[in-house]
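Here's a quick briefing to read alongside the model. Have a look at the chain, then go through the points below.

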Amino acid sequence: GETTHAGSTSGVTTISTADNDEGDSGSIRMKTGTATGGKGGHISLSVGSGNKSDGGVVTVLAGTSTGTDTNTGHGGHVVLQGGVTQATSQGKTGGIVSINAGASSSTSGGHVHLSTGSGKTNTGGFISLVAEQGEATSSGSIFIKTTSAGTAGVSGHLTFSTGTASSGTSGEFKFGTGDATSGRGGSFSVTVGEGNSAAGGG
């Protein structure tokens, strides 16, 4: 069960494998058992709240490849993946992956920051947003939007832009729809909102 401690910290728990000077380091595995007549189990990782300072931090960090010769490998991967469903009935979807920033009762909500790594001798990494195909029907959709404003204020902004270039051309900006082999090509629409007290958007 849970215990309490009155010191400066509530304590530290360390789970680690030993170092290895001649081979791979060890692995740490956490899993719940398989259920044949019910739902699978849960794994919960959480940090405690703080009533006089910031809340705790959760850090998930993949390993670094520290060698400098040509045999050095890639940096480690971080994989977040929802579970697969093998159900054949309608309405059963694969598992959901949710990344949500925290709410705030006084100022702005938390931020979600997605960033690729920089490259010292080549390009930086890529960010790919892909909605996979439906093998029997349509492919998935990608929605990027801000929510409506509250009782006061304006709705959020969306900004799409490429970076500046100091010694060459700046990046390209492309929008397009896919080709159709047995029908019409997709449409492309850009609209601005209406205004009930002034002119509509420009």
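**Aromatic cluster and an open chain**

One aromatic cluster is made up of F160, F173, F175 and F188. Keep in mind that this is a predicted model, where local features need pLDDT of at least 70, side-chain atom pairs count only at pLDDT 80 or more, and totals for chains, interfaces and linings use all residues. Numbering runs from 1 along each chain as its sequence is written, and side-chain values use heavy atoms, with hydrogens and water left out.

**Aromatic pairs**

- The whole structure holds 3 aromatic pairs (Phe, Tyr and Trp rings, the last by its six-membered ring, with centres within 6.5 Å; planes under 30 degrees apart are stacked, over 60 edge-to-face, the rest tilted).
- F160 and F175 pair edge-to-face, at 6.4 Å centre to centre and 85° between the planes.
- F175 also pairs with F188, this time tilted, with 6.0 Å between centres and 50° between planes.
- F160 counts as partly exposed because its relative accessibility is 47%, while F175, at 54%, counts as exposed (buried is under 20% relative accessible area, exposed over 50%, partly exposed in between, with a 1.4 Å probe and protein chains only).

**Fold and dimensions**

- You'll find 0 helices and 0 strands in the chain (DSSP runs: H or I of at least four residues, E of at least two).
- The radius of gyration is 25 Å, whereas a compact globule of 202 residues would be near 17 Å (C-alpha atoms; the rule is 2.2 Å times the number of residues to the power 0.38).
- Along the principal axes, the C-alpha atoms fill a box of roughly 65 × 55 × 50 Å.

**Burial and contacts**

- Buried residues come to 0% of the 202 in the chain.
- Of the contacts (heavy atoms within 4.5 Å) with a separation of 6 or more, 0% join residues 24 or more positions apart.
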